Every structure is written in structure tokens, then in C-alpha cells.
Amino acid sequence: MTLSPHMPDLAGLALLLEVARAGSIGGAARALEITQQSASERLRTVEAQVGVTLVRRGARGSTLTPAGTVLVEWAARLLDLADEVDGAIGSLRAERSRELHLAASMTVAEHLVPRWLVQLRQRQEAERRPPTSVSLLATNSRHVVEMVQDGSADLGFVEGTGAPAGLRSRDVGHDDLVLVVSPSDPLAAHRVSLTPQQVAAMSLTSREVGSGTRDVLQTALAEHGLTMNDAAVELTTSSAVRASVRAGGAPAVVSRLVVGADLESGQLVEVPTPGLRMRRTFRAVWSGPAAPPAGPIRELLGLIGRSRG
């Protein structure tokens, strides 16, 4: 819909309505908290747009012309509707401020996000504020980036060696990947370190293409001019990889966060790989301005920053 150039803006119509109520341009200016000069200039602009005289100025005040009276009646209905729409927009914004759609890589979703969300809820309860409604999708890092880019996630958490291009990011933590085997594996008995070449030659229990865990391993091998061998099996969650190795499956490279308790209990055994640099960074990612958007995104990232400190 395209309006003609004769249609005044809402501010101009609101001023005309106040002139009718106050009986003077000065009174209308005080009601709208603008100067009388600004009010007079705006009225002249409205009259120039409409093409007719709307206000009779006099020493004892200002009155509307017949055309001005008709326009005020129309404008009053329009301004009432605009006020309703403005209120509805405010409700939508308030509702949006209590919603947060998260997407996180599997390791972050399973081991870090729950603690962060508990801290967010505790803070809001302590301050007697409405709690943020949070939805979380756990997936691989590549899909997290896609969801943030297309707007289906407000905030994402990824893992890997580098920040994803095209998005804003902030580091929220680190962890190390380790090569683990079941206690029955010959590598567990020998307790020897493996070279990058030996790791590259292994058929591992692996995460799927697009996972941060797999990307870190591939990057570490690439530093030595090596590539991964074909996987013995590909699984879509860290928990499934861990369970497969515990059951006697092929070795796997996994996050220490995932298998820390198993290493302490002896249900899994770490095989040293001193030649591979497999430290990775967890990052929060969002689209838009460099600073995180105000509201639950900024509040959550602030809590994460304080918990790291």
C-alpha cells in the first residue's frame, strides 16, 4: 500500500488533535512537551502536505477550520488504532524478552548448558522477575551455525578450533579431546603413547561430519599433513560414542568432559597422543551487532562470564 504525499505523519496528526483539545498551539506544545516554535512549524508542514488551512491563529488562541475539524475526527480514529497497535507491539516485545531459543553442540548441551540455565533461573527468581522460557536443541556445531544464521536460534554454542565466519562470537570455555579405549583393548594394556601417524591410521568410533569433535581431530591431524582413516562407525552423540567404546568398540577421540568419570573409575582408559594438539574452544555465537542483544541473551552470557571467572 502506497500513501499519497498529502498524508501527514502520526506526530503531525497528534499535534492537530491537541490543538483542538487545548484551544491553542502553546497548550498543545506543552501537552506534547515540545516548544511552541516546533509546534507551529510542524502545523505549517501538515497544512502544506494536506493543501488546505487547518488552524485559524488568533491573539486569543487557535481554532480549527471546518477542514481541520473533519481531519481531527478522522485522525482521532487513526491515532486510537495506532495506540492499540503500539500496545500490541509492546506486548510482543515483552513476550519475546521472556523467550530464548538456544542451539548447542552436543558436548556443550549435555555438560554445560544445564548449569548455565539453572544459574539464569536462580538469578531471575532472586530478583523476582518473570523467568525466561528456554528451548534448547542439541545438534552438531555446523547445524548450530546454520540455525543462528537463519534465525531459528537466538543464540548458539559451538565447539571447534576457530570462530565461524559471518557470526559474532564470544569464548565461553575450553576443553581437551582425548583418545580413549576400553580396558580390554590391547592399547590399554601396553600404556604406550601413539604418534599422529598411528592415530591417523586407526579406524575410530567417530562423530558425524559437522561435529566440533571431529573437526578438531581433523585439524590436529592436518597439522602433520595427515587425514582421518575411514571411521569404524559414526554416531551422532557423544554419549553414544562413549557407550560404544565402553562396550568394547573401536577407540574414540572424545571430550574429557564426556569421559572424565569413566577415566577415574577405570571403565575407559586414556591413550596418550602427545603429538596432537586437540584443545578446543567453546563459543557462543549470534548474528547482528558486535555486542550481544539486550535481554536474556546478554544476561545469560554475563552469567557465563562470571562463572568462568
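Let's start with helix 1, residues 10-22, and helix 2, residues 25-32: in this predicted model, their axes come within 8 Å and cross at roughly 120 degrees. That angle makes helix 1 oblique to helix 2. As for handedness, helix 1 passes helix 2 in a right-handed crossing. Which residues make the contact? From helix 1 we have Ala14, Leu15, Glu18, Val19 and Ala22, and from helix 2 come Ile25, Gly27, Ala28, Ala31 and Leu32. Sort that contact by class and you get eight nonpolar residues, one polar and one charged.

Now, on to the open spaces. The largest pocket has a volume of about 170 Å³. Look for Ser141, Arg142 and Val145 in its lining, among others, along with Gly210 and Asp215. Two elements each give two or more residues to that lining: helix 7 (141-150) and strand 5 (155-160). By class, the pocket lining has three nonpolar, five polar and three charged residues.

The largest cavity has about 60 Å³ of space, and its lining includes Leu204, Arg207, Leu217, Met228 and Val253. Strand 7 (205-207) and helix 10 (212-222) are the elements giving two or more residues there. That lining divides into four nonpolar, three polar and two charged residues.

The second largest cavity comes in at about 40 Å³. The classes are eight nonpolar, two polar and one charged.

Methods
Residues are numbered from 1 along each chain as its sequence is written. This is a predicted model: local features need pLDDT of at least 70, side-chain atom pairs count only at pLDDT 80 or more; totals for chains, interfaces and linings use all residues. Side-chain values use heavy atoms; hydrogens and water are left out. Axes are lines fitted to C-alpha atoms, for helices over the stretch in contact, and angles run from 0 to 180 degrees between N-to-C directions. Helices (H or I, at least four residues) and strands (E, at least two) are DSSP runs, numbered from the N terminus. Angles under 35 degrees count as roughly parallel, over 145 as roughly antiparallel, 65 to 115 as roughly perpendicular and the rest as oblique. A crossing is left-handed if the near helix is turned anticlockwise from the far one by less than a right angle, and right-handed if clockwise. Contact means heavy atoms within 4.5 Å. Ala, Val, Leu, Ile, Met, Phe, Trp, Tyr, Cys and Pro count as nonpolar, Asp, Glu, Lys and Arg as charged, and the others, Gly among them, as polar. On a 1 Å grid over the protein atoms alone, a cavity is a set of points where a 1.4 Å probe fits but cannot get out, and a pocket is an open set with protein on both sides within 12 Å along at least five of seven lines; lining residues have an atom within 4 Å of a point. Grid points are joined across faces, edges and corners, and a volume is the space filled by probe spheres set on the points.
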